[in-house]
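Thanks for coming. I will go through one model this morning, taking the contacts between chains before the parts within them.

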Amino acid sequence: MLKKLMTAVLIVALAAGLALAQTKKKIIFASDATWPPMEFIDTNKKIVGFAPELLEAMGKEGGFEVEIKNTAWDGIFAGLENKKYDAISSSVSITDERKKAMDFSEPYFEVHQAIVIQSDKPIKSVADLKGKTVGAQIGTTGYFVAKKMEGVEAKSYDEIGLAMEDLFSGRIDAVSCDDPVAAQYALQKDEYKGKMKIAFIVPAEEKEFYGFPVKKGDKETLALINKGLKAVKEKGIYAKIKDKWIPPVK
Amino acid sequence: MSAEPIIRTPIIRMEGVSKFFGDLKALDNVSLEVFPGQRVVIIGPSGSGKSTLLRAINRLETVNQGTVVVDGFDIRSKHTDINAVRMELGMVFQSFNLFPHKTVLQNLTMAPTRLKKVPKAEAEERAMALLAKVDIQEKAQVYPAKLSGGQRQRVAIARALAMNPKIMLFDEPTSALDPEMIGEVLDVMVNLAREGMTMVVVTHEMGFAREVADLMVFMDEGKIIETGTPDEFFNHAKHPRLQKFLDQIL
Amino acid sequence: MSDTIVKIQVTDGTVTDFKDKNLLNAWRLSFLGAILCMAYLVFFHPDPYMRVLKFIPDGLWVTFKVTFMSITGALILGLVTGLGRISRNRFINLVASTYVEVVRGIPLLVQLFYIYYALGRFLRVPDLLSAVIAMSVCYGAYMGEVFRAGIESIDKGQTEAARSLGFNRAQTMFLVILPQAWRTILPPVGNEFIALLKDTSLVSILAVSDVLRRGREFASETFFYFETYTLIALIYLVITLLLSRVVSLMEERLSHYER
């Protein structure tokens, strides 16, 4: 009797689970969690930050389940192309070159490229960087910006943290990266605090925004993400999450 | 066949020499004196310590107890420049030990030019004379691998002579040779003896011993059992172990 | 003088046997195949292959620099270590053995990270030099074992003959033992050279702008991942095959005397 009851309960539970799973689509996001405060690994080995929390909220509002897969930046786009995941949430700036290869969601964050230096160095503008070495993460807008600067040697790193370490030890003269990340390293990290500072924000002709890329032509995923993002912004949840994670730059 | 040694000071003096390999006594309280111009032949069964005794003279084998004085130098003393003493001691090995990466001529000139700073031309001239003496001058430019065993051993003798040693040590020089080659090597050694070279020879060649030895030494179990002239050894052996040994090999 | 030649195999060897005089052997097939493949891609699909090829030459130069500086460093360190390992001085022996033990127990990639960032933080060593030091330290330990084995493969009689002539220990080692050991040592050392060349690709992790990192930079900006890495693989193959040929030629030159 008891056995029969248990079996019945189990079947009902399974059916309910299946039904739930069917109604709620799961979107797998790839994230290079080395980009504090946007997305990074905390001491409990969990992926946390502005973007993961935003995604969670978007999922709730947009009616989809979120799974985040930690993926190395170098190759993160190739993985999307090969359908290893459905979308990328990794502080990907929307650029023309990238738009050729992938479709982007609505922008979710405005960034600027910041130049981080050792605090005692007299660098105040792009002109001061002439003849200097600027480090940045490979394949990021920070790297592209550094490469475009005249007379500057751009040096690419696998992770932004490694570039910061080389800046700290004096192997390079500056690091170029997104401003929230620059602020996180230069102003928040205990070891670097006081020894590094943001020298200036690189002047840009066009505004730069983060978006969530999906595989070209994946309209279904794109619609869900945009729906969630819109709802989160309208309900004021977005502002709360931003206040929680993003330190003021100046 | 040769005059009795006139000079009273021995050029090699070993006194109470012992050498242990673990519990095994390779040399057991051995004393031996060799005078300039003297030809000493050491015989004995294998493992009797005769090679160890010979190698103790130029410290290829370090001994545990006793005194070894060669040409006035206490070779057990830390203050003795053993390399300088070894230059006075030519050694010929059972397995020839020619330098395979050098030509025959280079085998002969290497030590004089490097160690005695003899000019190259002079060293080569002398080397050619020595090669003529051992009747192998036509092989001067050949590498040792191209020589027969007998030829190799004659070159090895010439190599030792190239340093103008005062004493020649022979460690079973014919034991690794094919029977038909033994004669050519013994001829060279007999000639050397006739010229008055001081020689200490470990060998099983009794004909050679009979012909050139001034002093015969019989060793067994690390001890010198009997010494005497060849006549005393071969015709009036006293010790039963020597008698037995000679019976076995003659 | 034994008739057998001792062979030492330590790591992944790619030195091909050039005794094989057939027109079609593995080396020729791979080498010509790689060259033809590259030529085809570059001439018939200049976009992106020509673009990749134009992007990476300075990276190739860095790869060469790191390789040859590291080989030099590893040879010196290997010789010193090999001699240390056979030293009768217990302290020197212990230092050399411990070095080999420690280095062999840590993956090269971890060593690279460690030495690179340690040298950067405490000694302010520039990046390329840090990479070279790290590679030398790692391969020095492996080469030390090759040198030791090579030296020990030489008959004891050679040492005794040299010492009995009056040569001291150093002269014996450098005039008699090492010139002979070199023959035994060269094939495994050649293999180490080639393994080292391939492993220099790991320094791209350290932000050293070698050929692989240049390729990755190109790919990350243009999204031509497959095309870029195809070309990079072919370039490595060609260089590796050329180096293995050089090593074989050196081996042939050294076999002018028979043992």
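**Chain contacts, domains and a sheet**

Let me start with one pair of side chains: B:Arg55 and C:Glu160 form a salt bridge, with 2.6 Å from N to O. Before going on, note that this is a predicted model, so every value here is computed from predicted coordinates.

How many salt bridges are there between chain C and chain B? The count is one, and the pair from B:Arg55 to C:Glu160 is a salt bridge between these chains. Polar contacts across the interface of chain C and chain B come to four residue pairs, with both residues at pLDDT 80 or more. On the side of chain C that touches chain B, the elements giving two or more residues are helix H7, residues 156–165, and helix H8, residues 169–199. H7(C) supplies the largest share of that side, eight residues. Sorted by class, the side of chain C that touches chain B holds nine nonpolar, eight polar and five charged residues.

As for extent, 22 residues of chain C and 26 residues of chain B take part in the contact. The area buried between chain C and chain B is about 2,200 Å², with 64% of it on carbon and sulfur atoms. Two pairs of chains touch, and the pair B and C has the most contacts.

Where does that leave chain A and chain B? No contact joins them, and their closest C-alpha atoms are 49 Å apart.

Chain A does meet chain C. Here 25 residues of chain C are in contact with 25 residues of chain A. About 2,100 Å² is buried between chain C and chain A, and carbon and sulfur atoms give 46% of that.

The salt bridge count between chain C and chain A is five. In one of the salt bridges, A:Lys147 meets C:Glu221, and the closest N and O atoms are 3.2 Å apart. There are also 14 residue pairs in polar contact across the interface of chain C and chain A, again with both residues at pLDDT 80 or more. Four helices of chain C give two or more residues to the side that touches chain A: H5 (108–123), H6 (127–152), H9 (211–222) and H10 (225–254). The residues on that side of chain C divide into 13 nonpolar, five polar and seven charged.

Now to the inside of chain A. The chain is divided into domain 1, residues 24–110 + 210–245, and domain 2, residues 113–201. Their C-alpha centres lie 25 Å apart, and each of the two domains gives 14 residues to the contact between them. The area buried between domain 1 and domain 2 of chain A is about 1,200 Å², 61% of it from carbon and sulfur atoms. In domain 1 of chain A, the residues that lose the most area to domain 2 are A:Trp35, A:Pro36 and A:Trp73, together 45% of what that side buries.

Across the interface of domain 1 and domain 2 of chain A there are zero salt bridges. The polar contacts between these domains number six residue pairs, both residues at pLDDT 80 or more. By class, the side of domain 1 that touches domain 2 has seven nonpolar, four polar and three charged residues.

Last, the sheet in chain B. Four strands form an open sheet, antiparallel in its pairing, in the order E2-E1-E4-E5. Why is one side of E2 and of E5 left without a neighbour in the sheet? E2 and E5 (73–74) stand at the edges and have a single partner strand each, so one side of each has no neighbour there.

Going across the sheet, E1(B), residues 12–21, and E2(B), residues 24–34, pair antiparallel over seven bridges. B:Val17 has B:Val30 in E2(B) as its bridge partner. The hairpin of E1(B) and E2(B) has two residues between the strands, and B:Gly22 takes a positive phi near 65°.

E1(B) also pairs with E4(B), residues 65–70, antiparallel and over five bridges. There, B:Met14 is partnered by B:Val68 in E4(B). Finally, E4(B) and E5(B) run antiparallel and are joined by two bridges, and B:Val70 stands opposite B:Phe73 in E5(B).

Technical notes:
Residues numbered from 1 in each chain as written. Chains lettered and ligands numbered in written order. Predicted model: local features only at pLDDT ≥ 70, side-chain atom pairs only at ≥ 80, totals over all residues. Heavy atoms only, no water. Contact = heavy atoms within 4.5 Å. Buried area = accessible area lost by both parts, 1.4 Å probe. Salt bridge = Lys/Arg side-chain N within 4 Å of Asp/Glu carboxyl O. Polar contact = N/O pair within 3.5 Å; in protein donor to acceptor, adjacent residues only side chain to side chain. Nonpolar A, V, L, I, M, F, W, Y, C, P; charged D, E, K, R; others polar. Pairing = 2+ DSSP bridges. Domains from an automatic or database assignment.
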